[in-house]
Structures are given as C-alpha cells and as structure tokens.
Amino acid sequence: MTERNLNTGLQHREKNYIRRYVITTYLIFWGAIMLVGILFLLCGQNKSVMNWGTIGASWVPTIVLMCSFHKLFPEEKRSDWIKNAFKPRLKIGILLFVTVCLVAAVFGTYVIAVQSNNELSFHDLKGITIQSLIPIIFFAITQGATGEEAGWRGFLQQYFEKKYPGKVIKSALVVGVIWSFWHTPLWFITGLPPVQMLIYIGTFIIGNLCLSVIIAVCYVYCRNLIVPMWIHFLSNVLSTIIEPFVGDVESVLMARCWLAGFYIAVAIIFALWHSIRRSKITEN
C-alpha cells in the first residue's frame, strides 16, 4: 500500500469515527431527554427530576468521548488527555475581556427590555438574592458548562481546526451547527405556539453559532478547557438570572432577539481580533 493510499484510509477511518461520535451523542442525548420527560410526568411534574435529569443528559458528549476514547485517540492515554486539557496556563486577559463583553450584551438586552416596557423597572433586580443565585449557579456549572465542553471544544473543535487548517471561524461554525441541533428535543418541550417557537429556535441557533465563534477564538489562544467552560457557564447563568425580570413570553422572545443581535456584534469583534492578530503573526 502506498503512503498516499494509507493516508487516505486513515482519514476515511477518522471521518467515520467522528461521524459515529456525533450520531451516538445525538441519539443518547435525545433518548435521555425523552426518558427524563417521561419520569417528570410520572413523578407528578417534579422539577427536581427535570433538573437532575438534565444534568445527567448534559454530560453525554463527555461520556461518549471517554467511552470512545481509544478509537478516537489510539495512541494516547485517557488520563493524559484529561491532564493536557487543563494544563496550559490560563490567560486572564482573555477571560476578563470575554466576561465584560458577555455581561455588556446581557445587560444591554435588559436595558432595552426595560425601556420598551413600562411595567419593568431596574428596581426589579433587587429581587435577585443569594438564595436565588445558588441553585442557578449550581445547575449552570454542573450542566452544559462542564458536561459538554470536553466533547464540543476539547475534541470536535480541535478536530475541525486540523481538518480546515487556519480556519478557526469555519471550524467554530461547523461545531456550532452540531452543538445547536443537538439541543433539538429541548426546543419542543418549551410548549410555545409555532410562531413563537420559530423565533425561539432562530435566536437559539444564532446565539449558539455566535457563542461558538467567541469560544473558539478564545480557546485557540488558550488551550485550557476551563476557557470554553467559563464562557459557556457565563452565557447560561447570565441569561437565566435576567430572564425572569424581562416580562411575559413575548417580551422574553423580543429580548432573545436583542441578545442574539448583541452576540452577533461580540462574535464579529472576536472574529476581527483573531483575523488581525493572525495577520500580524503571519507578517512576522
């Protein structure tokens, strides 16, 4: 067998493993959500069942990655991969900048919501207490932020960056699409009417694509898995804290539209920053 045929065979096998990983992650997660939904109904719509079940389902990307590890990384030990994922030194400047951007996006959305609705007031935020924040922060940490990122960014993002050399944004958008539609079952348990559901799905996909770009740009300059985990956590926790103070369903959907717009702006800023920095590195 020639070297070219060998490389082609290895690439084909790798592609099959990637496809299997994505499909398996989808099927197990969708099945888990269905099971959680059934248990939720059988237990008299107990919210604890939904919350804890969602935590378990959120870890599917990482669980599938660890179970398939030796096929995906035949020459690497699982323990070494985990250590290396958190080994690089954190760049505090990047974390602070992305934190400021996301806080500004969410707060900007809330300001617009208050200005657009006479029934809302900034004084409503006094309702945020330590007691109300503890469960929000706990579930934000234990769900998507820590459960998903090893699979989406620690594995898939880096795979596509190797597949598309020098195209971080393209890789991020591919992962963003996979990441977004993985959540499909969650869209249909919102109970929203068709038109409102379309708005919800549209803003969800746009927000995730933008967040995927933001995460990818930050992650490419600091390969510590805490970076995508932090950004994912921050996005979830900020939205969860503010949403109850935005108003009724229509107001929430309008706020989601504004937030999607802010996320687009932030994603463009990070994409431009990456492009400028990459150009300077290339020139040097």
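Predicted model: local features only at pLDDT ≥ 70, side-chain atom pairs only at ≥ 80, totals over all residues.
Which residues in α7 meet which residues in α12?

**View A. Helix α7 meets helix α12 (residues 226-242).** On the α7 side, the residues that take part are L133, I136, I137, A140, I141, G144, A145 and T146, and their partners in α12 are M229, H232, F233, V237, T240 and I241. Sorted by class, this contact of α7 with α12 holds 10 nonpolar and 4 polar residues, with no charged ones. The two axes come within 9 Å and cross at roughly 140°. An angle over 145 degrees would count as roughly antiparallel, so α7 and α12 are classed as oblique to each other. The crossing of α7 with α12 is right-handed.

**View B. Helix α2 (residues 47-58) packs with helix α7 (residues 130-147).** Here the axes lie 8 Å apart, at an angle of about 25°. Since angles under 35 degrees count as roughly parallel, α2 and α7 are therefore roughly parallel to each other. Their crossing is left-handed. From α2, the contact draws on N51, W52, T54, I55 and S58, while α7 supplies F138, F139, T142, Q143, G144 and G147. By class, the contact of α2 with α7 has 7 polar and 4 nonpolar residues, and again no charged ones.

**View C. Q45 sits in the loop between α1 (3-42) and α2.** What is worth a look in the backbone here? Q45 has a positive phi of about 55°, although this residue is not a glycine. For background, most residues other than glycine have a negative phi. Is Q45 buried or exposed? With a relative accessibility of 54%, Q45 counts as exposed, because the cut-off for that class is over 50%.

**View D. T99 has its place in helix α6 (residues 92-116).** Start with the side chain of T99: one of its polar atoms lies 2.6 Å from the backbone oxygen of L95. Then turn to residues farther along the chain. Which residues does T99 contact once its neighbours within four places in sequence are left aside? They are W230 and L234.

Technical notes
Residues numbered from 1 in each chain as written. Heavy atoms only, no water. Helix = DSSP H or I, 4+ residues; strand = E, 2+ residues; numbered from the N terminus. Polar contact = N/O pair within 3.5 Å; in protein donor to acceptor, adjacent residues only side chain to side chain. Contact = heavy atoms within 4.5 Å. Axes fitted to C-alpha atoms, helices over the stretch in contact; angles between N-to-C directions. Parallel < 35°, antiparallel > 145°, perpendicular 65-115°, else oblique. Left-handed = near helix turned anticlockwise from the far one by under 90°. Nonpolar A, V, L, I, M, F, W, Y, C, P; charged D, E, K, R; others polar. Buried < 20%, exposed > 50% of the residue type's maximum accessible area, 1.4 Å probe, protein only.
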